[in-house]
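Student: Please pick one part of this model and take me through it closely. Start with any term I will need.

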Amino acid sequence: MKIGLVSLGCPKNLVDSETMLGLIHEEQLTITNDPAEADLIIVNTCGFIESAKEESVNTILQMGEYKTNGSCKHLIITGCLGQRYAEELLENIPEADAVIGTECYEDIAYVVKRVMQGERFIMLEPQPKAVHTAPAPRILTTPDYMAYLKIAEGCDNCCSYCIIPKLRGPYISRPFEQVLSEARELVQKGVQELIVVAQDTTRYGEDLYGKLRLPELLRELNKLEGLKWIRVMYCYPNNFTDELIEAFATLDKVCKYVDLPLQHASDRLLSSMNRYDTKAEVEALLSKLRSRVPGITIRTTFIVGFPGETEADFQELKAFVAKQRFDNAGVFAYSQEEGTVAATLPEQIDEAVKEERFHELMSLQAQISEDLHREMEDQVLEVLIEGRDEDNPELAFGRSYREAPNIDGSIFVENAGDVQAGEFVKVSILQGFTYEMVGERI
C-alpha cells in the first residue's frame, strides 16, 4: 500500500501534512513522492482566498485522474477547503472518497482504514482521544537543515476579510514544554533553522497561561545547542511588546527579521478590517524596532481594493509604504470571501481598480526593495547555502537572515567552491537587484 500526499497553502498546513505523514509511517504504510504509483492520494488543501481555492480544486482533479491512468484507488481531501466545502466537494467530485476537516489530521490512519474498506464519507469532528503530552510524529518534507515549528492552532483576531477563524477554530496555544520538546527533537535531527509559525505568533501563551509567552519561548529556544537561526513569522503589531522587541535585540540566534502583516495604513479601513492598531501606533512600533534592533529586516503584507477604499485611502497607503521603506512587502488584491463580514460590506471595489492598485503598489515596493538591496553592496552577510544554479553549477544560492524561505528572494554566490546545501558561508554582496542579490564567497 503506497500513499502519496500533496500539500498546498501555508507553512502551517505543511506542518499538518508532515504530521499526517508521520502517523501514516507509524502504521507501516509506504510513502511515495510519485502520485502515479500511489494507491491512495491525500490532498491537503488551502481555502484562504479565491486563487488558493482554485489551485486546490485543480490539484484535486489532477490527482483524481490517477484513478484512471495510475495506480490510485482512493482519494482523500483534507485541509481548509475540505473544512469549508465538505459536502460540495464530495458531491461534485466523484473521485473523492473522503473529505476530512482541519481538526482531524491526527485521525488520518483511521480515515485511511475506512476508505480502504470501501467507505465514502465526510469527517469534520475528530475522534475522541487521550490528551497527548508528546509532540505528534512528523516526517519533514523541508530540507534537512530547516523545519517549521508550529506553536498554536486557530485564530481569535477575526479580521473582517478573513475566513480562517471559521476554518481553524479559536486560538489554542500548544503547551510550552511540548513545543520545546519538539524543537529539541528537530535540532537533534540536524535542523539548524527553526521557523516559528502560527496564525498569530505574538499571541502565543495568552489562552493557556494568561500571559504572552513568545519572548520566554524564544529565550529557551536560543539555548539549544546546534541550532543556528530562529526565524519568527506572522507577528501581529498589537501584541508586539517591549519584551518581545528585547528578545529580537539580544538573542543571538533569533534572526533580526520581523514579519509584520499590516494590511493598510488608513485608520478608517483598519477599523473596518477589524484590525487592532492605528497607523500612528504602527509607526511608533516600526520606529522602536528600528532603533532598538540595528540591522533589522521588516517584511509586511497589504490588501488593496478592500470595500470602501477610496483613491485617497490608497494614496495614503502608498505614502506610508514610501516613507517606511519596507525590505519586502506582499500585496494582495482583496478577495471577497463568502462567510466573512467584509463580503457583505457596501462599496465593493471594481476588479479592474483592484488590479490597477495592486500593480501600482507592487511597482513602488519593487523599487524600494531594489534600492535597499543596492545599499547592501559591499556588506558581508552570513548565507545559508540551499543549492546550485541549474544552468551554472559554479553558482550557489542561499539566504541570509534577511530572507525567509519560499517568500523572499535569494542570494547568488560566486566562487562558492565545494560548499554544500545546509552550510553557512560569509558572502560579500556585489550587486543588489529587485528580488535577489549577487555576492562572492570570502
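Tutor: Happy to! A disulfide here is a pair of cysteine sulfur atoms within 2.5 Å. Please keep in mind that this is a predicted model, in which local features need pLDDT of at least 70 and side-chain atom pairs count only at pLDDT 80 or more, while totals for chains, interfaces and linings use all residues. Residues are numbered from 1 along each chain as its sequence is written, and side-chain values use heavy atoms, with hydrogens and water left out.

Searching the whole structure gives 0 disulfides. Cys-155 takes part in none, and its nearest cysteine sulfur, in Cys-159, lies 6.5 Å away. For Cys-159, the closest cysteine sulfur is that of Cys-162 at 6.2 Å, which is too far for a bond. Cys-155 is buried (under 20% relative accessible area, with a 1.4 Å probe and protein chains only), at a value of 8%. Cys-159 is buried too, at 9%.

Now to the sheet. Strands are DSSP runs of E with at least two residues, helices runs of H or I with at least four, numbered from the N terminus; two strands pair if DSSP finds at least two bridges between them. An open sheet of 6 strands runs S7-S10-S11-S12-S13-S14 with parallel pairing. Its edge strands, S7 (146-150) and S14 (328-333), each pair on one side only. Further in, S11 (residues 229-232) and S12 (residues 254-259) pair in the parallel sense over 2 bridges, and Ile-230 has Val-254 in S12 as its bridge partner.

Methods: Buried < 20%, exposed > 50% of the residue type's maximum accessible area, 1.4 Å probe, protein only.
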